Amino acid sequence: MKKGVFWLIILLLLGCKAFQQIAGGVYGSAGNEHNPTQGVISPGAYQTIEIAKDQVYQGNLLLVNKEYPVHKMGVKSDVVHLYQNEELVRGYGLLDSSIQASESVAKAFLEMVGAAQKDNVSHFMINSGYRSFEEQNQLYEEMGPELAMPGGYSEHNLGLALDIGSTQMKMEQAPEGTWLEENAWKYGFILRYPEDKRAITGTVFEPWHYRYVGMPHSAIIQDHHFALEEYLDYVRENEHLSVQVDGETYEISYYPVSRDTTIDVPVNRYYTISGDNMGGIIVTLYPENEKPQQE
Ligand SMILES: [Zn+2]
């Protein structure tokens with residue numbers, strides 16, 4: 001009996017150690033210790049994960065507009081010069097050799113362009129991607145407040161926006177523009193400033209400006225014809241949403257974060273965490289055996 005108790009304690013201790021290693025792995029798999037946004041967990045019921053207050057300012061769902069500026073820590077950490085990464089530039093053109101973009105966003109764009117090509121829509125180009133605060137300020141001075149935002153107030157400063165053009169004609173008339181309006185959501189992108197959302201976004205119609213938010217958020221935004229502002233309100237008001245995309249169920253949860261805190265997530269499911277840049281985080285649980293497209 002005594003021996004039995006001894007072995008039970010040893011087993012419990014071993015169990016604790018294994019659990020700690022799994023927990024460590026969740027953060028480790030985020031790819032970037034500065035930005036722990038993604039992980040997968042081994043069997044068990046629920047797992048408690050730590051949320052740092054800074055995570056409010058990081059992720060693909062950040063709202064950036066005149067009211068909510070970019071936090072420096074929200075800038076994508078994988079920004080590259082596209083011209084120097086030819087594997088990222090296939091089937092479309094670049095306005096010039098200085099264009100930068102987040103590598104993960106560029107990969108989603110590449111996949112999207114490949115799909116458009118199958119529909120015989122193939123004259124895309126990237127006119128602008130990531131811009132530093134300094135470049136944004138310069139643009140603001142040149143273009144004025146009607147056409148540009150000051151440094152720190154543009155989604156281009158995050159690395160999550162692409163200005164997409166057609167080499168043939170203006171985007172308003174181009175097949176490339178029409179195709180994107182119908183299909184960009186499948187690749188995680190949204191038309192950020194639709195014509196009929198000007199009162200909400202505070203920005204004029206920009207048929208070229210696409211914002212990466214990732215699935216399943218882009219699908220919901222398309223389905224409800226939301227502006228990003230409206231979608232984030234919708235998530236915050238509902239707190240927990242269960243949505244079906246292509247027959248697969250995603251769970252989306254909102255948590256207000258005023259200080260470092262913990263949340264519980266189910267095991268055996270991939271998840272992503274993104275701040276909303278307004279004081280909350282959004283946890284997205286993926287269908288079983290499905291991985292997020294992007295970090
Ligand atoms: Zn833009």
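Me: Which residues coordinate the zinc ion?
Reply: This is a predicted model, where local features need pLDDT of at least 70 and side-chain atom pairs count only at pLDDT 80 or more, while totals for chains, interfaces and linings use all residues. Numbering runs from 1 along each chain as its sequence is written, and side-chain values use heavy atoms, with hydrogens and water left out. Donors are N, O and S atoms within 2.8 Å of the metal (3.2 Å for Na, K and Ca), and with no water among the atoms, sites may look incomplete. At 2.0 to 2.1 Å, the ones coordinating zinc are His156 (NE2), Asp163 (OD) and His209 (ND1).

Me: What spacing do the donors of the zinc ion follow, and which parts are tied together?
Reply: Along the chain the zinc donors read H-x6-D-x45-H. Strands here are DSSP runs (E, at least two residues; helices are H or I, at least four), numbered from the N terminus.

Me: Is His209 buried or exposed?
Reply: Buried means under 20% relative accessible area, exposed over 50%, partly exposed in between (1.4 Å probe, protein chains only). Asp163, at 9%, is buried. His209 has a relative accessible area of 2%, so call it buried.

Me: How many Å apart in space are Ile51 and Thr261?
Reply: Ile51 belongs to strand E2 (residues 46-51) and is buried, at 1% relative accessible area. Thr261 is 210 residues away in sequence, yet C-alpha to C-alpha the gap is 5.1 Å.

Me: Where is Glu195 found?
Reply: Glu195 counts as exposed because its relative accessibility is 59%. Its place is the loop between strand E8 (189-191) and helix H5 (198-201).
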